[in-house]
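User: I would like to go through this model with you, one topic at a time. Please keep the answers brief.

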Amino acid sequence: MTSSGDEAEIVARVRGGESAAYGELVDRHASVAKRTAVFLGAGADADDVVQEAFVKAYRALAGFRESAAFRPWLLRIVANETRNAVRARGRRARREELAAPLDVVLDPADAAVSLERRTELVAAVRALPEQMRLVVTCRYLLDLDEQETAVVLGWPRGTVKSRLHRALGRLRDALPDKEVQR
């Protein structure tokens, strides 16, 4: 478990010239950064997106607010890098993303869910319009709270709530015989 105090200390060490300390932040957040990139559409390019995001975060660390949490700030960079990668890739890369193996993107808790149900759910989430897919991904697949989701996506918290509400309604319609959390 990480604490924001620990991370603030690490950030201060990096800012103080101890660049090797940045590796501790990378170790702590690489997994969630990769999941974020994959779920937001990076697919097979997730490793490249995450690497670029960490490089950009390192370069931007001087502008990072000391009182802010590092993870949402980093994930916002990952989300932006993912959007850039998806746009640049075009239609061919989009087909490759959809063909990416699901086992790589799901965490152990999700492994308990049956493959059929998981496949249906992921397909339904991927079929959502981009903004709805992003908010569902952040809240439920990455398990971010509303505030973290708002920071990651750069939206007001009320927008997160309303888009999440509409997205869940669409998922209920798409998966009528399944439980979709209200």
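User: Which residues does Ile-10 touch, not counting residues up to four places away in sequence?
Analyst: This is a predicted model. In it, Ile-10 touches Ala-21, Glu-24, Leu-25 and Arg-28.

User: And where does Ile-10 lie?
Analyst: Ile-10 belongs to helix α1, which covers residues 4-15.

User: Is Ile-10 buried or exposed?
Analyst: Ile-10 is buried: its relative accessible area is 2%, and the cut-off for a buried residue is under 20%.

User: How far apart are Ile-10 and Ala-21, in sequence and in space?
Analyst: They are separated by 11 residues in sequence, and their C-alpha atoms are 6.2 Å apart.

User: Changing topic: what is the mean pLDDT of the protein?
Analyst: The mean is 83, with 81% of the residues at 70 or more.

User: Which elements have the lowest and the highest mean pLDDT?
Analyst: Helix α5 (residues 108-111) has the lowest, at 57, and helix α3 (residues 46-60) has the highest, at 95.

User: On to aromatics. How many aromatic pairs does the structure hold?
Analyst: There are five aromatic pairs. One of them joins Tyr-22 and Phe-54; the ring centres are 6.3 Å apart and the planes stand at 80 degrees, so this pair is edge-to-face.

User: Why does that pair tie together parts that are apart in sequence?
Analyst: Tyr-22 is in helix α2 (residues 22-42) whereas Phe-54 is in helix α3, so the pair links parts that are 32 residues apart in sequence. Both Tyr-22 and Phe-54 are buried. Together with Tyr-58, these two residues form one aromatic cluster.

User: What about Phe-64 and Phe-70?
Analyst: Phe-64 and Phe-70 also form an edge-to-face aromatic pair, with 5.9 Å from centre to centre and 75 degrees between the planes. Both residues are buried.

User: Which ring does the charged end of Arg-163 sit over?
Analyst: The charged end of Arg-163 is placed over the ring of Trp-155, 4.4 Å from the ring centre.

User: Which residues are closest to the centre of the largest cavity, and which elements line it?
Analyst: Of its 10 lining residues, Phe-39, Val-122, Val-125, Arg-126 and Leu-141 are the closest to the centre. Helices α2, α6 (115-127) and α7 (130-141) each give two or more residues to the lining.

Notes
Residues numbered from 1 in each chain as written. Predicted model: local features only at pLDDT ≥ 70, side-chain atom pairs only at ≥ 80, totals over all residues. Heavy atoms only, no water. Helix = DSSP H or I, 4+ residues; strand = E, 2+ residues; numbered from the N terminus. Buried < 20%, exposed > 50% of the residue type's maximum accessible area, 1.4 Å probe, protein only. Contact = heavy atoms within 4.5 Å. pLDDT = per-residue confidence, 0-100. Phe/Tyr/Trp six-rings, centres within 6.5 Å; stacked < 30°, edge-to-face > 60°. Lys NZ or Arg CZ within 6 Å of the ring centre and 35° of its normal. 1 Å grid on protein atoms, 1.4 Å probe; cavity = no way out; pocket = protein on both sides within 12 Å on 5 of 7 lines; lining within 4 Å.
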